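I would like to walk you through one model, going from charged pairs to domains and then to a core.

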Amino acid sequence: MTAKPIVLIAEELSPATVEALGPDFEVRNTNGADRAELLRDIVDVDAILVRSATQVDAEAITAAKNLKVIARAGVGLDNVDIKAATVAGVMVVNAPTSNIISAAELTVGHIVSLARNIPAANASLKNGEWKRSKYTGTELYEKTAGIIGLGRIGALVAARLQGFEMEIVAYDPYVTPARAQQLGVKLLPLEELLEVSDFITIHMPKTPETVGMLGAEAFKKMKKSAFVINVARGGLVDEAALEEALEAGEIAGAGIDVFVKEPATDVPFLGRENVTVTPHLGASTDEAQEKAGIAVAKSVRLALAGELVPDAVNVAGGVIASEVRPGIPLVEKLGRIFTALATDRVVNVDIEVAGEIASLDVKALELAALKGVFMDVVSDSVSYVNAPLLAEQRGMAHRLVTTSVSEEYRNVLTVSGAQANGAQISVSGTLTGPKQIEKLVAVNGYELEMPLSEHMIVLQYQDRPGVIGSLGSLCGAEEVNIAGMQVSRSKAGEALAVLSVDNGLPEGLLERVRDGIGATVTREINLSE
C-alpha cells in the first residue's frame, strides 16, 4: 500500500479544516509554538498548516526533509521565511480573501465607536459614572468618508458606509474612474481627500513608499474634527506623529488595530479616550478562521496532487512544463519592474513569450506577470487567481503573445504596455547558463544584459562625459555600493543605465542623483520582498 501524505497541523484550526483535507492524508498535530516539538515533528511531513504563532523559518524548513507545502491559514506571512522555502522548492500558500469581510466590518466598527464614543462611555459607566453630556457624539449621516486604497477591503468598507448615507471619496492611483463610479465612490487626489474627509481609513499595502503614509504632514492637512482608522498594516500610520497630532488637537481621534511592533502594550496613545484600539483583530472572527482553514486545506490538496495552486505566493504549482517553470519567478519580477517604471495608470499589458518554450502551455507565465504587476501597488494579497480580476476591476486589458522567434536568446520574456498618458513601457528578461541566471536584457527598447538583483536603479539621461563619475561620487558619499552597472545608448544620444546596489537607497539620494546628472527617468527597483 502507498503511504498517505502527512499533513502536520501546528496550531488550533477549525474542524472544517480537517474535513476539507479529506481522508487521503495522515493528519498529525503538534504545538508549533514549542520550538523543540516543532523541529521534532516536522521532519517527515509533506505539508504543515500554521496560523501566526508558528515560526516556519530556514531552520524548520531544513529540518523538514519531505516538506512540499507551507500553508498559512490567514493572510499575513511574517512568520514564514518565503525565501528559504523557495530555495528549498517548498510552496507557500495563504488564504488571501478569508478575512476581507471581517476586516471591513472591524473598520466600520471603529468608525462607529469613534463617532459615538462607545468605548470611553462604556468604561465610564462601568466605573460607576453617568456622564451623558461628556460623550455626545456625531452622526455619520452626510459625513465624508475618505478611503485610501480601493482594493477588495476598501470596496467592502465603501459599500457598508453607504448604508449610513455617507459621501464616499477615495484615493487609489490604480483604480479607474469607471471602477470608482461602479462602486459609488468619487476619486480624489490624496491631498484633497485628507482635507475634506471626516473619517479617513487606510487600506494600502505596506511598502517603502506607504510606510508612514499618514504622518505629520498628512495630519496637518486634515480637519480638526477628523478621525483616522488603520485596520490594514502596522506602520502605514506614523505612530509618533499620530500621538503628536492628538496631543496638539490637529485631529479628533483614531481607531487602530495594527501596530509597528506587536504585541503593542506601551504605545503612547493607548490611554487616550479619543482613541479606540484593538489587538490586531482584523481576521479574528470564527467565520474568517473557518474560511482560512478551508482555503488552505484545499490548496494543500491541490499542491500534493500536483495541480495548479492559485493561492501560491512563491511558485505556481501544478502541471507546468519543466522548461516553463523557471520562467515563473523571472516574469513575476519583470512585472514588478514594469510597475516601478510606470508614471501613470497602466491601461494595457502584453506578456510576450518568445523562443523555444512558446510552443508549450505558458499560461502560467501570464498569470505570474500580472501577479508581479500588482504585487507592490494594491493592498490585497495578490495571487495567480485574483491577478486577472484585479486587472479587470482596474480596466487594464491584458493578453498573452507567443512567438517562436528569438534571435539572441533561447527564450525571452517581455512585459510591455501603455499608460493613460500614452507613454509605453517594456521590460525583457531571460534565463542563461546551467544555473538559469535571471537577467534583464532590455528596458524601454534599450538593450543590455545584466543579472537581476534585489536592489537596482534605472536612470535615463543625455549621454555625456562625466556622468558615470558623478553617479559613483553621489552613491559613494552615501556609502551606497554599486555592485554592477550597464549603460545602453540610443542613436539620439540618450542613455539608459541600470545599476545594481547592495542595499536600498537612503532617503533623498534618488532626487540628488536626478539633479546631479540631469536624468529624465529615475527609478529605484526593490525586489527584496
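Let me begin with Glu26, which forms a salt bridge with Arg28, and in this predicted model the closest N and O atoms of that pair are 2.9 Å apart. Elsewhere in the chain, Glu250 and Lys220 meet through their side chains in another salt bridge, at 3.6 Å from N to O. By the rule used here, the count of salt bridges comes to 24.

Turning to the domains, the assignment for the protein chain gives domain 1 as 6-96 + 287-305, domain 2 as 99-277, domain 3 as 316-452 and domain 4 as 453-528. What does the contact between domain 1 and domain 2 consist of? Four residues come from domain 1 and six residues from domain 2, while the centres of these two domains, taken over C-alpha atoms, are separated by 34 Å. The two domains bury about 360 Å² between them, with 49% of that on carbon and sulfur atoms. On the domain 1 side, Val75, Pro96 and Ala288 supply 78% of the area buried against domain 2, more than any other three residues. That side of domain 1 divides into three nonpolar residues, no polar ones and one charged. Between domain 1 and domain 2 the salt bridge count is zero, and the rule likewise finds zero residue pairs in polar contact across this interface, where both residues must be at pLDDT 80 or more.

Finally, the largest nonpolar core has 45 residues, of which Ile337, Leu365 and Leu440 touch the most other members. In soluble globular proteins, nonpolar side chains tend to be buried together.

How values were computed
Residues numbered from 1 in each chain as written. Predicted model: local features only at pLDDT ≥ 70, side-chain atom pairs only at ≥ 80, totals over all residues. Heavy atoms only, no water. Core = buried A, V, L, I, M, F, W, Y, C linked by side-chain atoms within 4.5 Å. Buried < 20%, exposed > 50% of the residue type's maximum accessible area, 1.4 Å probe, protein only. Domains from an automatic or database assignment. Contact = heavy atoms within 4.5 Å. Buried area = accessible area lost by both parts, 1.4 Å probe. Salt bridge = Lys/Arg side-chain N within 4 Å of Asp/Glu carboxyl O. Polar contact = N/O pair within 3.5 Å; in protein donor to acceptor, adjacent residues only side chain to side chain. Nonpolar A, V, L, I, M, F, W, Y, C, P; charged D, E, K, R; others polar.
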